Every structure is written in structure tokens, then in C-alpha cells.
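These are my notebook entries on one protein chain. I looked up a few places in turn and wrote down what I found.

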Amino acid sequence: LGRRSPSTLPRYSPEVIFHANRKESDNGDRCQCFAGTGCKYYVLLCDGMGTGLGAVQEGKSALDLLKKLLLAGFPAEYALRSLNSLCTLRQKAGAVTVDLAEIDLQTGRVNLYKWGAAPSYLLSPAGAEKIGTAAAPPGLSVTGARETVDKLSLRRGETLVLLSDGVDGEAAMRRAWDLTDKEPGEMASKVLQ
């Protein structure tokens, strides 16, 4: 008998909610979620540093580049390093930070890539766990700087929260972790209060 090939249909479906505390027109934060190749699913948060049109453009440019590379099948770490090289060549060190959650919808495993981004939090009924640490943003060096990656496996009742700078993550998580049984939109609103 021939071997059965593993199923490529997703076993899980993500629920993603974005909330902002400012109008999009002057906010450098850009967020998108999209299906990649195979059973990969991406949640991408690019924060153009500062405010105004320059920050908006940097966040949008970084998000557009990363999305195109990921949809073309680039591994996440190579897509991020391409952005770093571009920032370095353009002398735009520190112009943008990146959070990238690469979710395998077959297994529930997540690779959480960060480059200059604020820590994220994993909320569960047991509490809030801080994931990732602040590091240097892309564009400082082609060879000296790297993205960080945390590997986790999401389970039923857990929520991964990606935050931009300007949100006191620890205080917000203390208020929000008891809402893990609520809808993601309610939880996101509580984080921004």
C-alpha cells in the first residue's frame, strides 16, 4: 500500500482582532493578517516610529514588503532580514519595528518573530505570560543585528496579544487576563482602556 500523505487542510482557524487608540491617518502602526503557503497563517504588526505621514509610510512600506515576501514563500527569517537590509541600505535605522506571528494551522504552533518590537503576552486562565524582550530595531547593521524568535503552542482558551509601543503592557495585561473567556474584541478594548 502506498503511504498516505499528511492532510494539508487546516485543523484550526484563527480569530484576529485589531484595535487602535488613534485614527489610522496619523498612526504609524500597520496590522494585517493573511494566509500564507501551506497551512501557515501570519499576523503582522509593523510600527513606523514617530507620528505623522513619515511614520505611516514607514509602517506601510515595511508591511507591504514583508507580506509580498511571505506570500511568495520566503521563510519568515529571510523576509525579516531582507527588510533589515533594505532599512540599512536606505539609512533608515530605527524607522520601523516588526512583530510577526507565524501560525501553523495544522499544529497550533507559533513562531513569534520580533525585531525592535514591544513584548507580547500570552493570556490564559492561569494569567498573563510576557513573551519577547525589547531589542534593537532593523536597519542598524546587515550582519550584526537579528530578529528574535519565541516558539510556543497555542492551546484552547489562550490568546496571543501583540502590542505596539505606547501601551503599558504589564498594566494592561493585569486588567485583561481575567477576560480570557470573553470575545477577542472585548479583550482588545479592555487592553486599550
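**Entry 1: the model.** I noted at the outset that this is a predicted model.

**Entry 2: helix α1.** I began with the length of α1, which covers residues 53–71. With 1.5 Å for each residue, its 19 residues should span 27 Å, and the end C-alpha atoms are 27 Å apart, so the two values agree. I then asked which residues of α1 are buried. They are A55, V56, E58, G59, A62, L63, L66, L69 and L70. An α-helix has 3.6 residues a turn, so residues three or four places apart point the same way. I next looked up what covers the buried residues of α1, and found that the cover includes β1 (29–35), β2 (40–48), α2 (76–89) and β3 (96–104). After α1 comes G73, which has a positive phi near 100°.

**Entry 3: salt bridges.** How many salt bridges does the structure hold? I recorded six. Side chains of opposite charge can pair when their charged atoms come close.

I looked up K40 and E102, whose side chains meet in a salt bridge at 3.7 Å, N to O. This pair links distant parts of the chain, since K40 is in strand β2 and E102 is in strand β3, 62 residues apart.

I turned next to K92 and E58, which form a salt bridge with their closest N and O atoms 3.4 Å apart. This pair also links distant parts of the chain: K92 lies in the loop between α2 and β3, E58 lies in helix α1, and 34 residues separate them. K92 is partly exposed because its relative accessibility is 31%, whereas E58 is buried, with a relative accessible area of 12%. I also noted that a network of salt bridges links E58, R90 and K92.

The next pair I checked was D64 and K60, which form a salt bridge with the closest N and O atoms 2.9 Å apart. Both residues belong to helix α1 and are four residues apart, about one turn of the helix. D64 is partly exposed at 28% relative accessible area, and K60 is partly exposed at 40%.

Entry 4: In soluble globular proteins, nonpolar side chains tend to be buried together. The largest nonpolar core here has 20 residues, and L44, C46, L66 and L100 touch the most other members. At least two residues of this core come from each of β2, α1, α2, β3 and β4 (109–115). A second, separate core has twelve residues, among them V43, V110, I131 and L160.

**Entry 5: S164.** Where does S164 lie? I found S164 in the loop between β8 (159–161) and α3 (169–176). S164 has a relative accessible area of 12% and is therefore buried. Its side chain makes a polar contact with the side chain of D29 at 2.9 Å, and the side chain of S164 makes another with the side chain of D47, at 2.9 Å. Neighbours within four places in sequence aside, S164 is in contact with D29, L45, D47 and A118.

Conventions: Residues numbered from 1 in each chain as written. Predicted model: local features only at pLDDT ≥ 70, side-chain atom pairs only at ≥ 80, totals over all residues. Heavy atoms only, no water. Buried < 20%, exposed > 50% of the residue type's maximum accessible area, 1.4 Å probe, protein only. Polar contact = N/O pair within 3.5 Å; in protein donor to acceptor, adjacent residues only side chain to side chain. Contact = heavy atoms within 4.5 Å. Expected span 1.5 Å × (residues − 1). Salt bridge = Lys/Arg side-chain N within 4 Å of Asp/Glu carboxyl O. Core = buried A, V, L, I, M, F, W, Y, C linked by side-chain atoms within 4.5 Å.
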